[in-house]
Amino acid sequence: MLHKTHSAPTGQPEPSIRITRLSSITGDALRLLEEYYEAASVVQRDTPETLQQIVNDPASGIWLAWLDEKPVGCVVLKSLASIPFAAECKRLYVQPSARGHRIADQMLDAQEDFARIQGLHWIYLDSYDDLQVAISLYRKRGYTACDRYNDNPQATIFLRKNIAPDS
């Protein structure tokens with residue numbers, strides 16, 4: 001999902017990047033998630049009602065990334081009731097035109113910081129073999145292979161990261 005970071009040309013200001021956790025589902029969020037579903041050929045898609053439930057859950061959330069005040073990315077953190085002290089990272093997406101600014105990393109940082117504050121110890125995620133750029137990003141960030149933890153029919157790769165603060 002990330003490409004090589006590009007520096008702003010000499011004399012050009014660095015782009016402004018802002019990551020926000022949503023308090024309600026917005027048209028921007030729905031549009032970005034729909035772009036993600038199409039780009040990743042997602043079969044099991046969230047409804048606006050399901051997404052609002054995620055936003056309403058104090059241990060979950062949806063983050064949007066803004067590049068120069070334009071919404072360009074999203075990521076979802078969903079409670080994982082089947083595993084104690086865990087949540088699931090889903091729907092990480094950055095529009096192709098906005099890649100190269102470490103936006104995915106910044107959204108994952110915001111998500112992990114939030115999860116730690118919530119007292120979570122693990123973030124799980126699933127992916128599939130075609131998403132090698134995303135899988136490489138996750139591994140670089142400390143995600144390691146784990147057993148299947150869900151019934152997602154498209155998933156072929158299962159990863160998790162220990163985010164518990166050091167004792």
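How many bridges join S3 to strand S4 (residues 86-94)? Six bridges join these two strands, which run antiparallel. The legends below begin with the sheet that holds them.

The structure is a predicted model, in which local features need pLDDT of at least 70, side-chain atom pairs count only at pLDDT 80 or more, and totals for chains, interfaces and linings use all residues. Residues are numbered from 1 along each chain as its sequence is written, and side-chain values use heavy atoms, with hydrogens and water left out.

View 1. Seven strands form an open sheet in the order S1-S2-S3-S4-S5-S7-S6, with mixed pairing. Strand S1 (17-21) and strand S6 (144-145) stand at the edges with a single partner strand each, so one side of each is left without a neighbour in the sheet. Strands (E, at least two residues) and helices (H or I, at least four residues) are DSSP runs, numbered from the N terminus. Two strands pair if DSSP finds at least two bridges between them.

View 2. Strand S3 spans residues 70-79 and is mostly covered, with seven of its 10 residues buried. Here, buried means under 20% relative accessible area, exposed means over 50%, and partly exposed lies in between (1.4 Å probe, protein chains only). Strand S2 (residues 61-67) pairs with S3 in the antiparallel sense over seven bridges. Within this pairing, Leu-77 in S3 stands opposite Gly-61.

**View 3. Two hairpin turns.** The hairpin of S2 and S3 has two residues between the strands, and Asp-68 in the turn has a positive phi of about 50 degrees. S3 and S4 also form a hairpin, with six residues between them. In that turn, Phe-85 has a positive phi of about 60 degrees.

View 4. A disulfide is a covalent bond between the sulfur atoms of two cysteines. The cut-off used here is a pair of cysteine sulfur atoms within 2.5 Å. The structure holds zero disulfides. Cys-74 is in no disulfide, and its nearest cysteine sulfur, that of Cys-89, is 10 Å away. Cys-74 is buried, with a relative accessible area of 0%, and Cys-89 counts as buried at 4% relative accessibility.

**View 5. Aromatic pairs.** A search of the whole structure finds seven aromatic pairs. One of them is formed by Trp-122 and Tyr-124, which are tilted, at 6.5 Å centre to centre with 50 degrees between the planes. Trp-122 counts as partly exposed at 22% relative accessibility, whereas Tyr-124 is buried, with a relative accessible area of 7%. The rings of Tyr-138 and Tyr-143 have their centres 5.7 Å apart and their planes at 65 degrees, so this pair is edge-to-face. Tyr-138 counts as buried at 7% relative accessibility, and Tyr-143 counts as buried at 2%. Rings of Phe, Tyr and Trp (its six-membered ring) pair if their centres lie within 6.5 Å; planes under 30 degrees apart count as stacked, over 60 as edge-to-face and the rest as tilted. Ring pairs also link Trp-122, Tyr-124, Tyr-149 and Phe-158 into a cluster.

**View 6. Charges over rings.** The charged end of Arg-160 sits over the ring of Trp-122, 3.9 Å from its centre. Arg-18 lies over the face of Trp-66, at 4.8 Å from the ring centre. A charge sits over a ring if NZ of Lys or CZ of Arg is within 6 Å of the ring centre and within 35 degrees of the ring normal.

**View 7. Lys-161 in strand S7.** Lys-161 is found in strand S7 (residues 157-162) and counts as buried at 12% relative accessibility. Its side chain makes a polar contact with the side chain of Glu-112 (2.9 Å), and reaches the backbone oxygen of Arg-141 at 2.7 Å. A polar contact is a pair of N or O atoms within 3.5 Å; within protein, one must be able to donate a hydrogen and the other to accept it, and residues adjacent in sequence count only if both atoms are side-chain atoms.
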